[in-house]
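Here are a few notes to read alongside the model.

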Amino acid sequence: MLAVFALVVALVCQTAARYTANWTSLDARPLPSWYDEAKVGVFVHWGVFCVPGFQSEWFWWHWQGEQPPDQKCVKFMTKNYPPGFTYPEFAEQFHAQFFDPGEWADIFKASGAKYVILTAKHHEGFTTWGSPYSWNWNAVDTGPHRDLVGDLGEAVRNRSLHYGLYNSLYEWFHPLYLLDKKNKFKTQEYVMRKLLPELYNMVVRYRPELIWSDGDWEAPDTYWNSTQFLAWLYNDSPVKDTIVTNDRWGAGCSCKHGGYYNCEDKYTPGQPPKHKWEKCTSVDKYSWGYRRDMKMNELMDLPSIIQDLVRTVALGGNYLLNVGPTADGMIPPVFEERLRGVGAWLAINGEAIYASKPWRIQNETTTVPVWYTSKGSSVYAILTARPIKPIVQLLVPKTSTTATKVTLLGYPKPLPWSPVQPSAGLDVLLPELPYSAAQAWTLKLDGIQ
């Protein structure tokens with residue numbers, strides 16, 4: 001009898017855990033814990049757009065989509081390519097001949113990132129995998145003649161990193177999408193014949209742990225059939241227990257519906273949002289895809305990246321840092337240098353980042369800019385500038401003369417401190433701070449409130 005009762009309870013729980021195709025139900029799904037614990041990810045924008053490598057990954061649209069066309073793009077094509085040259089011809093030059101997924105995965109692992117997101121399809125519609133719904137406009141049929149999504153996924157997972165895929169809902173020039181758009185999205189030819197079959201195929205084939213949706217803003221979620229897809233994803237897909245999604249599932253969804261919130265590119269809130277969020281940003285400040293003409297002063301330097309990462313995590317977010325590989329399959333050395341620099345900093349200070357939570361106060365600037373995180377009973381004060389004097393003052397923590405202990409991550413001995421007030425604030429005597437290319441150091445505070 002007890003066994004029968006247990007079976008009934010199990011079946012009821014299983015039924016209760018199913019989600020229906022509406023936002024009230026879908027938004028109630030708990031986010032898989034791995035995502036919040038991971039904190040740091042690498043974004044990889046790779047596609048045909050890296051062949052012209054001019055302006056940004058939106059090159060095709062700026063050249064032939066928007067009206068009037070961007071004259072910089074028009075002049076670039078006129079100067080460098082023969083009359084009548086079409087954008088799809090760039091795919092033949094997307095060789096990826098130097099692409100070594102193991103080397104890429106080693107770089108991502110060395111960056112300290114815990115998850116990697118690759119563009120499976122950007123707005124140009126070219127898939128970096130052999131999609132049967134993108135005939136001759138995918139990386140297996142043309143260009144590299146290789147399953148880029150599959151090859152990188154295997155290498156990333158072999159290094160115990162989570163693997164996700166970026167997918168644009170819309171495609172600038174797909175004839176079925178343009179037909180639906182002309183019909184004011186009252187028809188769904190593109191969604192039913194292209195988008196959804198491709199998405200289902202991609203999930204079943206590669207089993208991503210994160211789907212980074214984009215390209216949703218021209219039409220409502222009802223056109224994209226987003227809630228139906230997400231209900232399948234959460235209930236019946238092979239990744240239903242681990243899959244994480246963002247909030248770009250239709251016009252008006254951003255910062256409102258979905259898994260975690262992106263809200264907008266390079267989203268930077270002033271205080272901790274109530275919902276889990278992510279900041280996506282790019283080492284190249286002007287493009288997500290590779291630019292052949294990028295300049296050093298147009299890139300984020302390492303201190304700027306670490307400051308951005310620390311602020312994001314202190315405010316409860318994840319940090320997704322983008323790099324754009326070249327058409328021949330190389331991660332530009334300057335991008336690799338930035339990623340390895342992040343990893344070197346995290347190797348010492350990651351305790352204050354991974355699986356951390358926002359503290360009751362996020363920052364103060366009494367001596368230098370300080371951002372706080374917490375984990376268990378410990379609080380971390382991350383200094384994002386070198387103090388001018390060997391004493392740093394923290395006014396926010398409430399101290400105890402007998403219980404409070406201060407250490408510097410990466411330094412073997414406890415640091416001496418004195419209270420600013422009888423039970424609040426502390427002056428910490430710093431040792432000779434070790435060299436940090438990131439210009440950031442972490443104090444670990446125990447026995448404080």
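1. First, a term: buried means under 20% relative accessible area, exposed over 50%, and partly exposed in between (1.4 Å probe, protein chains only). D284 counts as buried at 2% relative accessibility, and R291 does too at 7%. Their side chains form a salt bridge (2.9 Å, N to O), the term standing for a side-chain nitrogen of Lys or Arg within 4 Å of a carboxyl oxygen of Asp or Glu.

2. A word on the basis: this is a predicted model, where local features need pLDDT of at least 70, side-chain atom pairs count only at pLDDT 80 or more, and totals for chains, interfaces and linings use all residues. Residues are numbered from 1 along each chain as its sequence is written, and side-chain values use heavy atoms, with hydrogens and water left out.

3. The structure holds 22 salt bridges. D36 meets K357 in one of them (2.8 Å, N to O). Because D36 lies in helix α3 (residues 33-38) and K357 in strand β8 (residues 357-364), this pair ties together parts that are 321 residues apart in sequence. Helices (H or I, at least four residues) and strands (E, at least two) are DSSP runs, numbered from the N terminus. D36 also has a salt bridge with K39 (3.1 Å, N to O). K39 is buried at 1% relative accessibility, whereas K357 is partly exposed at 46%.

4. Do have a look at the open sheet: seven strands in the order β5-β4-β3-β2-β1-β7-β6, with parallel pairing. Strands pair if DSSP finds at least two bridges between them. β5 (244-245) and β6 (277-282) each have a single partner strand, so one side of each lacks a neighbour in the sheet.
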